[in-house]
Amino acid sequence: MINVALLTWREMSRRNFFLGAAAATAALIAVTGWGFWYLARIHTARGTPVTHLEVLSMSAVLVILISYLFNFLLAVAAVFLAAPSLANDIESGVLLPVLTRPISRVAIFSGKAIALAVIIALYAFLTGACEFVVIRAATGYVPPHPAQAVGFLTLSGLVMMALALLLSTRMAALAASIVSVGLFIIARLGSTAQSLGIHFDNATATHAGTLSQLLLPSDAMWQAALFNLEPESMVAAMSNSHAWAGPFFTTAPPPLAMFAWSAAWIVVIAAFAARSFALRDF
Amino acid sequence: MDCASVDVHRLTKRYGRIEALRDLTLRIDKGEIFGFLGPNGAGKTTSVKMLVGLARPTTGSGNVLGFPLGDRRARLHLGYLPELFRYPEWLTAREVLRYHAHLARMHGIEGEIARALERVGLAARSNDRVATFSKGMQQRLGLAVALLGKPELVVLDEPTSALDPSGRLEVREILRELRRAGTCVFLNSHLLTEVEQVCDRVAIVTRGRVVAHGTIAQILGEGHGVRIRASANGTPLDRILARFGRVEVQADGATVQGLAQDGIPAVVAALVEAGAAVYGVEQLTATLEERFLEMTAERGS
């Protein structure tokens, strides 16, 4: 299992994944860093500089928007890393001689899954840390619970990784990737339906949203990350308002049981994927 | 003690409604080179995949190296070169072998790798990435992977399909070395002359069924006729020879179809008795290619 994990890691390195991801992320952080730096120095229509309080409140909203986009990026990256990692090796025949070695298929699968999970988590935490440090340097703003938020974003990525791995045991890489991203979007829409259902007291929409989150808890993890990024003042303002919060705000984190469900979901889906891989013919 | 490397009984494999293989029964002993022949889609690769544990039989059972089909313990002593050989292009040849050596829990890994590379003629390119290899070199690398760690059973699926004539010659020599070392080789090949030159026994499979198996001599049969160069002196040759088989008269003699080697003295005696002048007698034997085409055509029709 360790040999397979190390090989997967080496593959990412030799295929310049790390270099490419580092360059793209550095560019992203540089652009957003410049944006926040500029934000702290803009003037209002009256020609007066924005106050520190205004910078902090604008930064809070922008951090949520950037995190939302990062959540999508991480989910798509997890899918497009995981699906080809297994499906391409199956399709190309690279796995054939490996599978005839005295190592169980579950160990081969686990090696790949663990390496991918470590890469996704490291990427999420390194990017999150760099981004938050840059934002703090530019504006002085720090979200309430950045580490927890990145943790939940990572879990959302791992949910998508597990799903893509499961599908790629039986589907071509491209098909598994497209289906995974499609389901991610459906879960996002389900979550929006849930928040609308709660707001308008509509049981059908609420239950449909809850069901979609149970079936694919990627968005529930985004909601948890979101709650950890919102300053208390923002939560209080939204709670006092009677307007619909929309997909970028939440007034409460998902219930505690949802975290347990999401963690269990990742383990169970990965176990199903391992079993599917172990039982198939090549 | 059972000395069979492969011993399988009535293996059948179905993919949905398609029956890829039916009732494959084989026994291959240690130190034997076994050829597995058949046209495209006959079920050869399916058979190979079941032997090495890549596919499960729908019905049937068997042992490989003394362990049930699919048992991981057998894979400690198994080498396999797939028909569609692909290795990670971003690794060097040495790294590919090292990876497999680790997976196979070998000891003295670097020595094993050096020996395998030397054996297949890749020692000079050992530190080059697979991406820079020609198809033939990748097949050599695949062979090196299969030969790592002195396996007791080597399963080769079309091992020379990408090699030039000198490469094929080298592979034949490697196969003979393996036989001398007591290794069992299961050779799946389209190249009948190659099989004829190195295999101790062969099986011919077509449309998912084994239609013949045995030694090369058994497959070829005792001969399917006798060619006689002779001139008649009175009684025509076809009348003299009619009782021995189907006669085809030619300008310089005749061919008697269906006549075995032990019938030749009687034929010669009959010709001499009838006053014919006999200049030469030659037994006609089929090539493996002819027998293969006959058998696969029979099943096909």
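Reply: One term first: angles under 35 degrees count as roughly parallel, over 145 as roughly antiparallel, 65 to 115 as roughly perpendicular, and the rest as oblique. Note also that this is a predicted model.

Me: OK. At what angle do H5(A) and H11(A) cross, then?
Reply: The axes of H5 (residues 105-139) and H11 (residues 256-279), both of chain A, cross at roughly 135° and come within 8 Å. H5(A) and H11(A) are therefore oblique to each other.

Me: Left-handed or right-handed crossing?
Reply: The crossing of H5(A) past H11(A) is right-handed.

Me: Which residues meet there?
Reply: From H5(A) there are Arg105(A), Val106(A), Phe109(A), Ser110(A) and Ala113(A). They meet Ala270(A), Ala273(A), Ala274(A), Phe277(A) and Ala278(A) of H11(A).

Me: And by class?
Reply: Eight residues in the contact of H5(A) with H11(A) are nonpolar, one is polar and one is charged.

Me: Switching to chain B. How many helices and strands?
Reply: Chain B has ten helices and 14 strands.

Me: Why is chain B called more spread out than a compact globule?
Reply: Because the radius of gyration of chain B is 24 Å, well over the 19 Å that the globule rule gives for 301 residues.

Me: What does the C-alpha trace of chain B span?
Reply: About 80 × 45 × 40 Å along its principal axes.

Me: What share of chain B is buried?
Reply: Of the 301 residues in chain B, 42% are buried.

Me: And how much of the contact set joins residues 24 or more positions apart?
Reply: In chain B, 68% of the contacts with a separation of 6 or more.

Definitions and conventions:
Residues numbered from 1 in each chain as written. Chains lettered and ligands numbered in written order. Predicted model: local features only at pLDDT ≥ 70, side-chain atom pairs only at ≥ 80, totals over all residues. Helix = DSSP H or I, 4+ residues; strand = E, 2+ residues; numbered from the N terminus. Rg over C-alpha atoms; globule rule 2.2 N^0.38 Å. Buried ≥ 20, exposed ≤ 12 C-beta atoms within 10 Å, placed from the backbone. Contact = placed C-beta atoms within 7 Å. Axes fitted to C-alpha atoms, helices over the stretch in contact; angles between N-to-C directions. Left-handed = near helix turned anticlockwise from the far one by under 90°. Nonpolar A, V, L, I, M, F, W, Y, C, P; charged D, E, K, R; others polar.
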